[in-house]
Structures are given as structure tokens and as C-alpha cells.
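Subject: A structure for you to look at

Hi there,

Here is the structure I promised to pass on. Have a look at it first, and then read my notes below.

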Amino acid sequence: MIRLAQSGCLGVTVIMLALMLVGCSSNESAQRGQELFDLHCALCHEGSTPDLKKQPPRLDHLFAAKQLPSGAPATDAQVRKTIVEGLRTMPAFDKRLSEQDLKDLIAYLRTLR
Amino acid sequence: MLRCTARNRLISRGTIASAILIGILFATSCTGRAKKYPLRGNVLSKNPATNEITVKHEDIPGFMPAMTMPYKVKDPAVVQELQPGDVIAAEVVTANNGSDYWLEDVRITDQSARQSAKAAVAVHRLDVGEQVPNIPLTNQDGKSFRLGDFRGKALLITFIYTRCPMPTFCPRLSGQFAKIQGDLSKTPDEFAKTHLVTISFDPKYDTPPVLRKYGLAYLDDKPAGFSHWDFASTNPSDLRKLADAFGLEYFEEDNQISHTMDIVLISPEGKIVKYWATEWTTAELEDALRGQAKAGKTNERRQTQKRAG
């Protein structure tokens with residue numbers, strides 16, 4: 001029984017360490033995403049620049065709803081497409097963000113709930 | 001059994017302690033970031049009249065990516081002291097959600113490039129009253145045209161690139177032109193005597209289909225609007241000639257184009273009437289364009305009367 005409990009404890013610790021590593025890694029990705037968001041997205045999506053054709057939507061609950069502000073499904077693939085290709089008056093970030101940048105940005109947007 | 005339970009409690013306490021320790025480690029290892037707006041860059045030009053300098057700067061985390069843009073400087077004496085080519089460090093101070101910004105605490109960190117930069121910015125901008133350059137352009141439909149084709153109409157020209165992510169730059173310019181387009185459409189006489197042209201800094205990416213898609217977003221998806229507002233590009237060497245003629249600075253770096261801004265008003269006779277490079281309002285642009293359209297109509301009437309007489 002003691003052995004079982006010891007091995008259980010070890011198992012829990014290993015799982016928690018693994019979760020910590022995964023969690024830390026995804027948290028670091030989201031943190032990098034936040035830096036990219038502040039650099040490339042916040043001025044439009046969190047500011048209020050006068051004279052724009054349309055004020056860009058805030059992205060606070062982007063993934064909380066089933067649909068994006070455009071009406072498209074709220075999926076990673078759709079958000080990636082919007083960032084890369086642009087949408088309406090939103091500029092395309094084509095060739096300016098790496099695949100890792102896009103993953104980090106989406107990881108951050110997923111934390112905005 | 002009891003021993004076993006006691007032992008289990010000890011193990012449970014150990015597990016909880018481990019979890020707390022891991023939690024603390026987790027929290028301390030993955031948090032913490034301060035927002036600052038330090039600027040480092042090269043001074044490309046200065047305008048003591050408006051107290052502004054144009055700076056090619058590095059990324060400003062939390063504010064904007066690497067870019068060339070004009071900045072107001074709080075202390076006019078600093079503008080006097082700075083020269084093109086100076087490498088500076090400064091603080092960007094922002095207000096109103098970043099839409100108002102200026103530089104403070106400007107320090108020159110390197111003056112060694114002063115002379116060469118002076119030579120580099122010696123571009124001759126066409127003076128008011130000079131004829132608009134007749135450089136060939138291609139519009140959103142792939143149709144060729146020249147700025148000289150709009151004789152009889154007052155022309156408002158600006159420069160953008162469709163991937164510009166700076167709301168106070170290209171998206172603002174296009175938003176202002178869209179407002180002017182909409183307002184003018186309510187007065188058919190002036191609408192018929194005016195025209196808008198938006199020219200891309202990025203001919204490699206901004207092909208006619210890209211410009212068409214971009215234009216439609218600003219024309220509420222009504223292609224008829226293109227008859228009054230062209231979205232155009234030209235080859236890189238003609239673009240450079242056109243930009244030099246209008247005193248614009250731009251260069252491409254990492255798929256991003258750093259550029260200064262310019263709006264140019266052309267008279268119905270094809271002559272440069274006015275430039276706006278730093279401060280303007282939509283109403284000011286629209287009034288000036290309407291004013292030129294009216295002046296053009298008056299001149300037209302005089303000429304008709306002369307011919308009849």
C-alpha cells in the first residue's frame with residue numbers, strides 16, 4: 001500500500017511537472033503573442049484612431065463566441081487566415097509574421113476570455 | 001492499515017506542498033513585463049516650422065513596429081540642434097490611446113553620419129505652381145493612365161500601401177479619402193469636377209487585384225466608385241520619380257514599407273496647388289478640393305465666354 005501511495009505521489013509529481021512544462025511553454029507562447037499583439041494589433045484594436053473608415057473591433061472575447069466579428073467560425077484556422085490575408089480594411093500581415101509568430105498571436109488571443 | 005493511512009496523509013501533504021512549490025515556480029517563471037516607449041533611430045529630416053523630425057526608428061515595443069515617421073518634438077530648441085543623419089534616443093510620450101504622440105528627452109547618441117544624410121535627403125520637391133509629373137500609372141482594373149489625364153478636374157493624390165498596419169498612416173488616409181468621396185457624391189456638380197488618386201508604395205504586392213479588393217472595402221463594395229477614385233501603382237523606378245517629385249521618403253525593409261506622408265492637391269490645369277505632409281483634417285482637404293473644382297468651373301466659363309465673344 002505504501003509502495004502504491006509512493007508511486008502515486010511520484011506519478012502526480014511527474015504529471016504536474018509535465019503540466020508545468022507544457023503550461024509554461026504555452027504561457028510563454030501567449031506572452032510572446034501579447035508582445036506581437038501590442039506591436040502590431042493593439043493600436044487599431046485597442047485604440048480609437050479618428051478618421052478610420054470603420055473602427056476595428058476589440059478582440060477581448062474573440063474565441064469566447066462561436067463566431068468572429070466577421071461572422072466566420074471562431075477557429076484558429078480562420079483567425080490565422082484573417083491575420084495573413086487581411087479582411088476588408090484590416091491590412092494583410094502576409095509575409096510579415098512567421099508561422100511561430102502567428103501561433104503565438106493566436107495563443108494570446110485565446111487567453112482573452 | 002492505520003499506519004498506512006497516516007503514511008498516506010504524510011504523502012498527501014508532501015504532494016500538496018510539491019504542488020504549491022511547483023505553482024510558485026510556475027508563476028514566477030512565466031510572468032512579468034513592463035511597458036515602455038523608448039525610441040532609437042536615425043533622423044532623416046526636420047521641419048523647424050512645425051517642430052517635427054522624421055525618424056527611421058527601431059521597433060517600439062507596445063507602441064509600434066520599426067517605421068519611418070514624423071514626430072513632434074516638445075522642445076523646439078532640440079529640433080534646431082538635431083540634423084539629418086543624427087542617431088538619437090528619446091522617449092515617445094502618448095496620449096488619447098496613442099493617437100497623440102510626441103518626443104521628449106531626445107539625446108543624440110551618434111553624429112558621425114550627419115554629412116552623408118544631408119546629401120541623401122537633398123531631393124527636389126516640385127514647387128506649388130509646377131506641372132504635375134505625367135508618369136504612367138496602372139489602376140485597380142489594370143488600366144493605364146497618367147496624372148495629366150485629369151485636366152478640367154481638381155485632383156487629390158495620396159500614397160499608401162495596402163499592408164500598412166499603422167492606423168494613423170495609410171488606413172487613416174484612405175478613411176479620409178472615403179469620407180471625401182462620400183461627401184462629394186452628394187453634390188453631383190463638384191463630384192464631376194473632382195477626382196481622387198491613391199498610389200501604392202508597394203507595387204510588388206499591390207497588384208491591380210489587390211488594389212481593387214482594397215478599394216472596394218473603402219467604397220462600400222460599389223465598383224462604380226472607381227470612376228471617381230483610382231487606386232494605382234507603377235513600376236519601382238517611376239514610383240521613385242513620382243515620390244521624389246512630391247518630396248516623399250520611403251524604403252522597404254522586412255516586407256514593411258517605412259514612409260512619410262503626403263497629400264497633394266492638383267488644379268484642373270494640372271498644376272500643384274498645395275501639399276499636406278504633417279497636419280490636416282478631412283474637412284480641410286475636402287474644402288480645398290471643392291474650392292479648386294469651383295475655380296476650375298469659373299475658368300472654364302470665362303474661356304467659353306471668350307471663345308463666344
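Leaving aside residues up to four places away in sequence, B:I266 touches B:V132, B:L147, B:A154, B:L155, B:I157, B:K271, B:I272 and B:V273; touching, or being in contact, means that the C-beta atoms, placed from the backbone, lie within 7 Å. This is a predicted model, where local features need pLDDT of at least 70 and side-chain atom pairs count only at pLDDT 80 or more, while totals for chains, interfaces and linings use all residues. Residues are numbered from 1 along each chain as its sequence is written, and chains are lettered from A and ligands numbered from 1 in the order in which they are written.

B:I266 and B:L156 have the most contacts inside the largest nonpolar core, which has 45 residues. Such a core is a set of buried Ala, Val, Leu, Ile, Met, Phe, Trp, Tyr and Cys residues joined through C-beta atoms within 7 Å. Buried means that 20 or more other C-beta atoms lie within 10 Å of a residue's own (12 or fewer is exposed, in between is partly exposed), with C-beta atoms placed from the backbone. A second, separate core of 34 residues includes A:L36 and A:F37 as well as B:M64 and B:V106.

Next, the strands. Chain B has 8 helices and 14 strands; these are DSSP runs numbered from the N terminus, helices being H or I with at least four residues and strands E with at least two. How many residues of strand β9 (194-200) of chain B are buried? The count is 7 of its 7. B:T194, B:L196, B:T198 and B:S200 point one way from β9(B), while B:H195, B:V197 and B:I199 point the other way. In a regular strand, side chains alternate between the two faces of the sheet.

β9(B) runs parallel to strand β8 (154-160) of chain B, joined by 7 bridges, and B:V197 is the bridge partner of B:I157. Strand β10 (229-233) of chain B is also parallel to β9(B), with 4 bridges. (Strands pair if DSSP finds at least two bridges between them.)

Finally, the domains: chain B is divided into domain 1 (38-120) and domain 2 (136-308), with bounds from an automatic or database domain assignment. Their centres, taken over C-alpha atoms, are 28 Å apart. In chain B, 13 residues of domain 1 are in contact with 9 residues of domain 2.

Enjoy exploring!

Conventions:
Two residues are in contact if their C-beta atoms, placed from the backbone, lie within 7 Å.
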